[in-house]
Amino acid sequence: MKEATLELPLAQLLRQFPLAGEFFHTMGLPLPPGTMSPATYFATLDNVLLEDLALARESLGEQFTDYLSLLSTLGKGRSSSRLESITILGGHDKSNRREEFTLTVRPGEIISLVGPTGSGKSRFLADIEWLAQGDSPTGRSLLIDGFPPEPGLRYAIDRKLVAQLSQNMNFVMDLSVEEFITMHAESRMMEDIPGITRNIIALANDLAGEQFSPGTPVTSLSGGQSRALMIADTSCLSNSPIVLIDEIENAGIDRKRAVHTLVDKQKIVLIATHDPILALMGERRLVFKNGGISAIITTSPGERANLKLFEEMDAKLGAVRNALRNGERIESFLWE
Amino acid sequence: MKAVTLAGPPSSGKSAVTIKAIASLKQKGVTVGVVKFDSLSTQDQQLYEKQGVPVTTGLSGNLCPDHFFVSNVEESLAWGVTSGFDLLVIESAGLCNRCAPHIQGVLAICVVDNLSGVNTPKKIGPMLKMADIVVITKGDIVSQAEREVFAHRVRQVNANATILNVNGLTGQGADELGRLLQGAPETTSVTGKLLRFSLPAALCSYCLGQRRIGADFQMGNVKKMAFS
């Protein structure tokens, strides 16, 4: 298909690949006229221009067809069916003690990760992220929908399994919220970008409490607003089926609703936390010790009852915080 | 011996990533040596030595670092072979975005970082566009959206490269990079091999030490900007 494609007039190619023109822009080249074929265009480009742009004439054709295949895989990735399950087969801990577990998780599930720093949580995530096949330091293996994943998936950057959200993450781009979401949606080649952008901003505002407008620069959002926007954006725009949430205890957002937003979008939610409300929200929690998973605890009815209690306590503390913010005294309502 | 060229803009995390990948390879019994090219000074010699990694540093001084690199790359390979390494990492500074240190038939890696901004992939030339592996660093401090957009922009300019995220601080992804490095082709000499792209060119009076400004003093390869 390669040579034949290059001989087609650009206008015809653009009908099949509406984003193909972006290639020329990315390479710093002016857009060829619609009647011209890429092959002719590349063959007639000025030598000096190519030299200045550090481009090699002989590889441009191949780069262009590679770009077109990238566009078609991205298009496919967007519409591809969601995964049904991920299974992790136990390996061993740092002392080579075998992990006796087979863990299967499905979209919409919440799993908590508990254990001290250095106990192996990051390695566990890396195993998922890199689709370990017994070849990582832990010896764990991963199955997708019950089978070993196709080898190409490991390095398919646009089909990464894990999206991450943590307290340390910041927006570094100098864009407004609207421009920012639009740019992300464009890179995912979404349709109806304005609609998606509106939805995400509304969702983020809902989670944050304090309102922000589409024109607000992302870098001037408060901590809570940033976290809310990251969660809304990840839940709606990230292709990754798994979302890891790391240390959002003090993020200034409604934690419970934030997690449920992701669950509603059929994400598998992993939460690394020692916050009782978040940790007990999971159906199960993985206990990390010495580089391995030493236990998998299913949240019991007793723990669920306690969770309710903790949530009430949390709501009370929240009310106190608000009262302080509003300059009120906090004498009576603790005991109501 | 296997060899790789590794390049990337200043402070993108080249050495941090290399050190983490070497640590992972060491555990598998792979011996790795490093040749570090830089321009004026480098602390990386000590950084590698501290990790027990054999390293030779070359400083280009007032020469174009890329030209200095290509003039010394043969000898670098020879040093690696004599030292008996399983793998030689040739790290070059990438001081201008037009750097083009990659060699045909030698595994080529480019390191870029998320903090440099989403327009950066477009601005980097052959060092990124002609790499086989692109390592993206500093993913732990930017948002998921920015990571995804950045990776997408890298793919736009180099659709064929294997792209991976590596954290130079925690080492997340370093095992995987190590595994890719082990897949490098055997390279015991580069004599006669071709660079993947021509190096940045310059031969003008200023290359030869001219300091005075003015049209009368500009000779050789001189290019003028257009002002409208």
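Tutor: A:Gln266 sits in the loop of chain A between α11 (255-264) and β7 (268-272); helices (H or I, at least four residues) and strands (E, at least two) are DSSP runs, numbered from the N terminus. The model is predicted, so local features need pLDDT of at least 70 and side-chain atom pairs count only at pLDDT 80 or more, while totals for chains, interfaces and linings use all residues. Residues are numbered from 1 along each chain as its sequence is written, chains are lettered from A and ligands numbered from 1 in the order in which they are written, and side-chain values use heavy atoms, with hydrogens and water left out.

The phi of A:Gln266 is positive, about 65 degrees, although the residue is not a glycine. Most residues other than glycine have a negative phi. With a relative accessible area of 40%, A:Gln266 is partly exposed (buried means under 20%, exposed over 50%, partly exposed in between, with a 1.4 Å probe and protein chains only).

A:Asp192 also has a positive phi, about 50 degrees, and is not a glycine. This residue is found in the chain A loop between α8 and α9 (193-208). A:Asp192 counts as exposed, at 53% relative accessibility.

Helix α8 (residues 177-187) of chain A also takes part in a helix pair: its axis and that of α10 (residues 223-237) of chain A come within 11 Å and cross at roughly 25 degrees. Axes here are lines fitted to C-alpha atoms, for helices over the stretch in contact, and angles run from 0 to 180 degrees between N-to-C directions. α8(A) and α10(A) are therefore roughly parallel to each other (angles under 35 degrees count as roughly parallel, over 145 as roughly antiparallel, 65 to 115 as roughly perpendicular and the rest as oblique). Their crossing is right-handed, meaning that the near helix is turned clockwise from the far one by less than a right angle.

Chain A as a whole has 13 helices and 9 strands. Its C-alpha trace spans about 80 × 55 × 30 Å along the principal axes, and 50% of its 336 residues count as buried.

In chain B, B:Val34 lies in strand β2 (residues 32-38) and is buried, at 0% relative accessible area. B:Val34 and B:Ala3 are 31 residues apart in sequence and 9.8 Å apart in space, C-alpha to C-alpha.
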